[in-house]
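Q: I have a structure open here and want to go through a few spots in it. Can you take my questions as they come?

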Amino acid sequence: MADLKVVTDSNFSGEVLQSDKLVLVDFWAEWCGPCRQVAPILVEIQEELGDKIEVVKMNVDENPVVTAEYHVSGIPTMNVYQNGKVVKQINGARPKSAILKELASFIG
């Protein structure tokens with residue numbers, strides 16, 4: 001199973017905000033149990049829908065600037081960015097079907 005691309009405070013703008021694709025950012029941390037539950041689901045979504053959406057992850061402990069800028073207080077939080085703006089926020093661990101349902105209006 002492949003791993004997701006990691007984004008950081010320093011490359012967030014280029015990788016996410018300036019992307020011409022829809023981007024889902026998984027805000028997570030090593031110590032977060034629910035984050036570990038969601039991680040393989042997000043890898044599956046990236047593998048299945050990579051032509052429509054890019055799924056990346058950001059460690060909140062290592063990247064406090066972007067985490068604070070987008071008011072991420074609980075994790076896992078998944079923000080969906082389109083044209084540099086947050087168009088959807090998904091909070092908490094969810095099953096794959098629920099995440100896909102949240103994304104359906106963006107990925108068709």
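Q: Which residues of helix 4 are buried?
A: This is a predicted model, and in it the buried residues of helix 4, which spans 96-107, are I99, L103 and I107.

Q: How are those buried residues placed, seen down the axis of helix 4?
A: They fall within an arc of 60°, so they line one face of helix 4.

Q: What does the face turned away from the buried side carry?
A: That face of helix 4 has the exposed residues S97, K101 and S105.

Q: And what covers the buried residues of helix 4?
A: The cover includes helix 2 along with strand 2, strand 3 (53-59), strand 4 (77-82) and strand 5 (85-91).

Q: Switching to cysteines. How many disulfides does the structure hold?
A: The structure has 1 disulfide. C32 and C35 form it, with their sulfur atoms 2.3 Å apart.

Q: Remind me, what is a disulfide?
A: A covalent bond between the sulfur atoms of two cysteines.

Q: Is the one between C32 and C35 right-handed or left-handed, and why?
A: The torsion about the S-S bond of C32 and C35 is about 80°, so this disulfide is right-handed.

Q: Is C32 buried or exposed?
A: C32 is buried, because its relative accessibility is 4% and buried means under 20%. C35 is buried too, with a relative accessible area of 2%.

Q: Where is C32 in the fold?
A: C32 sits in the loop between strand 2 (22-28) and helix 2 (33-49).

Q: What does C32 touch, leaving out residues up to four places away in sequence?
A: C32 touches I75 and P76.

Q: How far is C32 from K21?
A: Their C-alpha atoms are separated by 28 Å, and C32 and K21 are 11 residues apart along the chain.

Q: New topic: N79. Where is that?
A: N79 lies in strand 4, one of the elements covering the buried residues of helix 4.

Q: Is N79 buried or exposed?
A: N79 counts as buried, at 1% relative accessibility.

Q: Which side chain does the side chain of N79 make a polar contact with?
A: With that of Q89, at 2.9 Å.

Q: What else is N79 in contact with, leaving aside neighbours within four places in sequence?
A: Besides Q89, N79 is in contact with V23, L24, V25, F27, Y70, V72, V86 and K88.

Definitions and conventions: Residues are numbered from 1 along each chain as its sequence is written. This is a predicted model: local features need pLDDT of at least 70, side-chain atom pairs count only at pLDDT 80 or more; totals for chains, interfaces and linings use all residues. Side-chain values use heavy atoms; hydrogens and water are left out. A disulfide is a pair of cysteine sulfur atoms within 2.5 Å. Buried means under 20% relative accessible area, exposed over 50%, partly exposed in between (1.4 Å probe, protein chains only). Helices (H or I, at least four residues) and strands (E, at least two) are DSSP runs, numbered from the N terminus. Contact means heavy atoms within 4.5 Å. The arc is that of the directions from the helix axis to the C-beta atoms. A polar contact is a pair of N or O atoms within 3.5 Å; within protein, one must be able to donate a hydrogen and the other to accept it, and residues adjacent in sequence count only if both atoms are side-chain atoms.
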